[in-house]
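Q: I have a model open and want to learn how to read it. Where do we start?

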Amino acid sequence: MVQVEGRQGSGRAVTVAAAPPGTASGPRVDLDSALGYLLKQVAVALRGEMDVVLRPLGLTVAQYACLELLAQRPGLSNSELARGTFVSRQAMNMVLQGLERAGLVRRVDAPRSGRSRPGRLTTRGDRVLARASGAVTDVQARMCSPLAPAEQDELRRLLRACLAGLTED
């Protein structure tokens, strides 16, 4: 066995035992029972369905997420928007430029500090976001339709616990 050391996305140091390269021995993940694999399948399916309903509105998932964040948390910096939409700062700049060109977001001309140019939704951006939010809500409702409301609450609780297990020391 080989000890591999590195850092998680949270910055926490981890050590993992792995079989040497080129060997078939060592621990295996059972894909039928691996929660991480199942979570990724759900995330990919959800993103695909969101793409389908957002495309007719001229939005990508990242653009939709950016509009939601700007509407719910005005004044976020580009870095905060990037973190909230799970894209790089460079990608967020491209997202914001596209939203500006589409007339959905307006950014201040002079940054308040550093290079950050906070944005805000235009009237047109509010209208498009309302339609997009409704479409995404429908997708999420379809995803959760096999679950009773109490089960949905329990799933949220369990997923938050899983997240805390990876992000809290």
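A: Start with residue classes. Ala, Val, Leu, Ile, Met, Phe, Trp, Tyr, Cys and Pro count as nonpolar; Asp, Glu, Lys and Arg count as charged; the others, Gly among them, count as polar. Keep in mind that this model is predicted.

Q: How do the residues lining the largest pocket divide into those classes?

A: The lining has 25 nonpolar, ten polar and six charged residues.

Q: Which residues lie nearest the centre of that pocket?

A: Leu 39, Ala 43, Leu 46, Phe 86 and Leu 159, out of 41 lining residues. The space in the largest pocket is about 2000 Å³.

Q: Which helix gives the most to the lining?

A: H1 does, with eleven residues. H2 (61-72), H3 (78-85), H5 and H6 (149-167) each supply at least two, as does H1.

Q: How do I read a helix pair, say H1 and H5?

A: Look at the axes, then the contacts. The axes of H1 (residues 35-54) and H5 (residues 123-144) come within 10 Å and cross at roughly 145°. The crossing is right-handed.

Q: Which residues of H1 and H5 meet?

A: From H1, they include Val 42, Leu 46 and Glu 49; from H5, they include Ala 132, Val 136 and Arg 142. This contact counts ten nonpolar, one polar and two charged residues. Leu 46 is also among the residues nearest the pocket centre.

Q: Where is confidence lowest, and where highest?

A: Strand S1 (residues 2-7) is lowest, at a mean pLDDT of 55, and H5 is highest, at 98. The chain mean is 87, with 79% of residues at 70 or more.

Terms used:
Residues are numbered from 1 along each chain as its sequence is written. This is a predicted model: local features need pLDDT of at least 70, side-chain atom pairs count only at pLDDT 80 or more; totals for chains, interfaces and linings use all residues. Side-chain values use heavy atoms; hydrogens and water are left out. Axes are lines fitted to C-alpha atoms, for helices over the stretch in contact, and angles run from 0 to 180 degrees between N-to-C directions. Helices (H or I, at least four residues) and strands (E, at least two) are DSSP runs, numbered from the N terminus. A crossing is left-handed if the near helix is turned anticlockwise from the far one by less than a right angle, and right-handed if clockwise. Contact means heavy atoms within 4.5 Å. On a 1 Å grid over the protein atoms alone, a cavity is a set of points where a 1.4 Å probe fits but cannot get out, and a pocket is an open set with protein on both sides within 12 Å along at least five of seven lines; lining residues have an atom within 4 Å of a point. Grid points are joined across faces, edges and corners, and a volume is the space filled by probe spheres set on the points. pLDDT is the predictor's confidence in each residue, from 0 to 100.
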